[in-house]
Amino acid sequence: MPELHTTEMHTGGEPVRIVTGGYPDLPGATILAKRRHAREHLDHLRRLLMFEPRGHAGMYGVIPVEPDHPDADLAVLFCHNEGYSTMCGHATIALGRWAVDTGLVPAVDPETQVAIQVPAGLVRCRVDVAAGRAGAVRFESVPSFALHLGETVGVDGIGNIAVDVGYGGAFYALAPAAAAGLDVRSSATRDLVDAAAAITAAVAGALPVGHPDDPDLGFLYGTILTDGGNGQDEPSANICVFADRQVDRSPCGSGVTARLAVQAARGEIVPGQRAEFTGPAAGTFTGTVIRAAQVGDREAVVVEVGGHGRYTGTATFTAEDDDPLAPFLLR
């Protein structure tokens with residue numbers, strides 16, 4: 001097996017493992033076709049990098065691929081403990097800095113624009129390269145919208161609760177942790193994960209989830225439990241549980257986008273108004289609705305999310321042919 005080389009980063013405490021060498025070229029005319037090929041033919045490499053003993057249940061990865069969008073500086077696939085997501089805000093923030101630092105996109109002082117094609121569409125980053133502000137990145141989301149507002153679903157072990165479903169590059173169910181009798185800041189993480197996973201299962205079974213542009217985008221990615229705040233007067237805490245009970249250590253960039261899309265649909269935030277959100281590792285993302293948009297027949301918004309990407313190291317991963325231990329996960 002070839003060696004796989006990576007650059008290791010984090011954004012708000014959430015890991016970003018960027019594959020920089022050793023991964024095969026992916027066929028396919030579009031990024032979604034490449035995503036399907038990776039899922040169907042190269043998933044052993046995802047498991048190798050995400051699972052133990054080289055990763056863990058909370059690892060998150062990035063696979064650079066050839067872009068098919070004419071305006072993209074680079075294109076990437078995202079991967080995690082279950083498969084391949086369509087959008088990832090925390091990884092996008094790290095990628096913006098990485099693209100400038102590696103010279104993939106030449107630095108322009110004081111702010112460099114980087115266009116990244118992801119499975120959900122084209123995401124435009126602004127990377128702050130001024131001295132003393134390294135790592136600060138803002139990105140404009142893909143057009144995002146509220147799919148369901150205030151729908152009542154029956155959740156095993158919790159009962160009937162009202163949930164919203166918002167799209168921020170991926171679909172999330174949104175509910176205050178208090179609806180499950182929990183506090184997002186003080187309850188045990190396991191209890192929050194159990195509640196979020198139960199909500200995800202209930203919503204996926206009760207509410208239709210589809211995207212007007214492509215059926216590959218139409219799935220419920222996870223649930224975000226919040227403190228009930230809107231982030232406008234003080235930072236709002238949330239925990240995002242996605243994929244196979246994976247916990248986002250950061251505030252979750254696509255989740256922040258989905259939360260603001262829902263707020264905009266409710267008339268609770270207007271363009272230019274800024275909000276702040278914190279995640280389990282106490283990192284903070286900013287979010288601002290910057291303009292209206294349209295997705296099919298749905299009113300949507302474009303959201304700008306900001307945070308800091310930081311380096312944690314580099315790595316080379318191998319697998320010996322006679323190693324009897326397959327990649328695994330302990331929880």
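Pro53 sits in the loop that runs between helix 2 (43–50) and strand 3 (61–65), where helices (H or I, at least four residues) and strands (E, at least two) are DSSP runs, numbered from the N terminus. The peptide bond leading from Glu52 to Pro53 is cis, and its omega is near 5°. The model is predicted, and local features need pLDDT of at least 70, side-chain atom pairs count only at pLDDT 80 or more, and totals for chains, interfaces and linings use all residues. Residues are numbered from 1 along each chain as its sequence is written, while side-chain values use heavy atoms, with hydrogens and water left out.

A cis peptide bond also joins Asp109 to Pro110, with omega near 5°. Pro110 is placed in the loop between helix 3 (89–101) and strand 5 (111–118).

The words for exposure follow relative accessible area: buried means under 20%, exposed means over 50%, and partly exposed lies in between (1.4 Å probe, protein chains only). Arg245 belongs to the loop between strand 12 (236–242) and strand 13 (246–248), whereas Ala282 is found in the loop between strand 14 (274–278) and strand 15.

Strand 15 (residues 284–295) contains Thr286, which is buried, with a relative accessible area of 19%. When residues up to four places away in sequence are not counted, Thr286 touches Arg274, Ala275, Glu276, Glu304, Val305 and Gly306, a contact being heavy atoms within 4.5 Å.

The aromatic rings give another view of the model. A search of the whole structure finds eight aromatic pairs. One of them is formed by Tyr167 and Phe171, a tilted pair with 4.7 Å from centre to centre and 50° between the planes. Rings of Phe, Tyr and Trp (its six-membered ring) pair if their centres lie within 6.5 Å, and planes under 30 degrees apart count as stacked, over 60 as edge-to-face and the rest as tilted. Tyr167 and Phe171 are both buried. Elsewhere, ring pairs link Tyr60, Phe78, Tyr172, Phe219, Tyr221 and Phe242 into a cluster.
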